[in-house]
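Here is a short report on one protein model. Look at the fold first, then at the pockets.

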Amino acid sequence: MIAATPLPPYFAVIFTSLLTEHDPAYEAMAEKMALLAALQPGYLGMETARETTGITVSYWENLQAIKAWKQNSEHLYAQNMGKSAWYAAYKVRICKVELEYGFEMEMQRG
């Protein structure tokens, strides 16, 4: 799904990763983190895709909300597990969204 975001400006955190190997515990943790992030003040939405390279983009009202999420104790645990067990490499990029546009096909009822 494409996240329904407000009119800009807002912020995006782009998390790109390479896994060391398939681990069901990673997938369970990723799902838990997505649910937990959605409960955080300032959270706006998330989009994720995974093949060889995983990309998750989360959207936030401001930089303070991003900082608070990074310091969440359960998220800190997941970050440490990622570094020690799951990721061969990762990168985090934080961006200010200044403009957005798009297209959505209307679904016809039949």
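Which strands does helix α1 lie across? Helix α1 (residues 24-37) lies across β1, β2, β3 (53-60) and β4. It runs at about 160° to β2.

## Basis

This is a predicted model, where local features need pLDDT of at least 70, side-chain atom pairs count only at pLDDT 80 or more, and totals for chains, interfaces and linings use all residues. Residues are numbered from 1 along each chain as its sequence is written, and side-chain values use heavy atoms, leaving out hydrogens and water.

## Sheet and helices

Four strands make an open, antiparallel sheet in the order β2-β3-β1-β4. At its edges are β2 (43-50) and β4 (87-97), each pairing on one side only. Helices (H or I, at least four residues) and strands (E, at least two) are DSSP runs, numbered from the N terminus. Strands pair if DSSP finds at least two bridges between them.

Strand β1 (residues 10-19) pairs with β4 over 10 bridges. Leu18 stands opposite Ala89 in β4.

## Largest pocket

The lining of the largest pocket draws at least two residues from each of β1, α1, β2, β3, α2 (63-70), α3 and β4. Helix α1 gives the largest share, eight residues. The lining holds 21 nonpolar, eight polar and six charged residues. Nonpolar means Ala, Val, Leu, Ile, Met, Phe, Trp, Tyr, Cys and Pro; charged means Asp, Glu, Lys and Arg; the others, Gly among them, are polar.

## Second largest pocket

By class, the lining of the second largest pocket has 10 nonpolar, two polar and three charged residues.

Notes. Contact = heavy atoms within 4.5 Å. Axes fitted to C-alpha atoms, helices over the stretch in contact; angles between N-to-C directions.
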